[in-house]
Amino acid sequence: SRLIDDTIFLPPPSTASELNGIDNTYFPPYLAGEWDVTQTLVDTKAPLGLKFLGGPNGSMEIAQKAVAEAKANIGVPIKLR
């Protein structure tokens, strides 16, 4: 199957740069097009501490809200296109 293929293909060079974005992600041709997918959050952790979730100022209030929102979404399937 092409989704478990163990062959890696080098993407063609591009004109991307640090000024206009770096296209360092390669998608093989068989992944082209629109896809209907579902993602489900199974866990959430902050191993370096909540201060890294609290925005640029490390606000604990923002961090706690972010963690609570993430935990509320555990196990909830989200459809994406």
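Modeller: Start with a loop residue. Phe52 sits in the loop that runs between β1 and α1. Helices (H or I, at least four residues) and strands (E, at least two) are DSSP runs, numbered from the N terminus. This is a predicted model: local features need pLDDT of at least 70, side-chain atom pairs count only at pLDDT 80 or more, and totals for chains, interfaces and linings use all residues. Residues are numbered from 1 along each chain as its sequence is written, and side-chain values use heavy atoms, with hydrogens and water left out.

Biologist: Is Phe52 buried or exposed?

Modeller: Cut-offs come before the label. Buried means under 20% relative accessible area, exposed over 50%, and partly exposed in between (1.4 Å probe, protein chains only). Phe52 has 56% relative accessibility, so it counts as exposed.

Biologist: How far apart are Phe52 and Ala63 in space?

Modeller: From C-alpha to C-alpha, the distance is 7.7 Å. In sequence, Phe52 and Ala63 are eleven residues apart.

Biologist: Now the charges. What makes a salt bridge?

Modeller: The general idea is that side chains of opposite charge can pair when their charged atoms come close. The rule asks for a side-chain nitrogen of Lys or Arg within 4 Å of a carboxyl oxygen of Asp or Glu.

Biologist: How many salt bridges does this rule give?

Modeller: The count is four. One of them pairs Arg81 with Asp36, with the closest N and O atoms 2.8 Å apart. This pair links distant parts of the chain, 45 residues apart. Arg81 is in the segment after β2 (77–80), and Asp36 is in the segment before β1 (37–40).

Biologist: Why do Arg81 and Asp36 count as exposed?

Modeller: Read the areas against the cut-off. Arg81 counts as exposed because its relative accessibility is 68%. Asp36 does too, because its value is 58%.

Biologist: What is the N to O distance for Lys45 and Asp43?

Modeller: Their side chains meet in a salt bridge at 3.7 Å. Lys45 is exposed, at 69% relative accessibility. Asp43 is partly exposed, with a relative accessible area of 42%.
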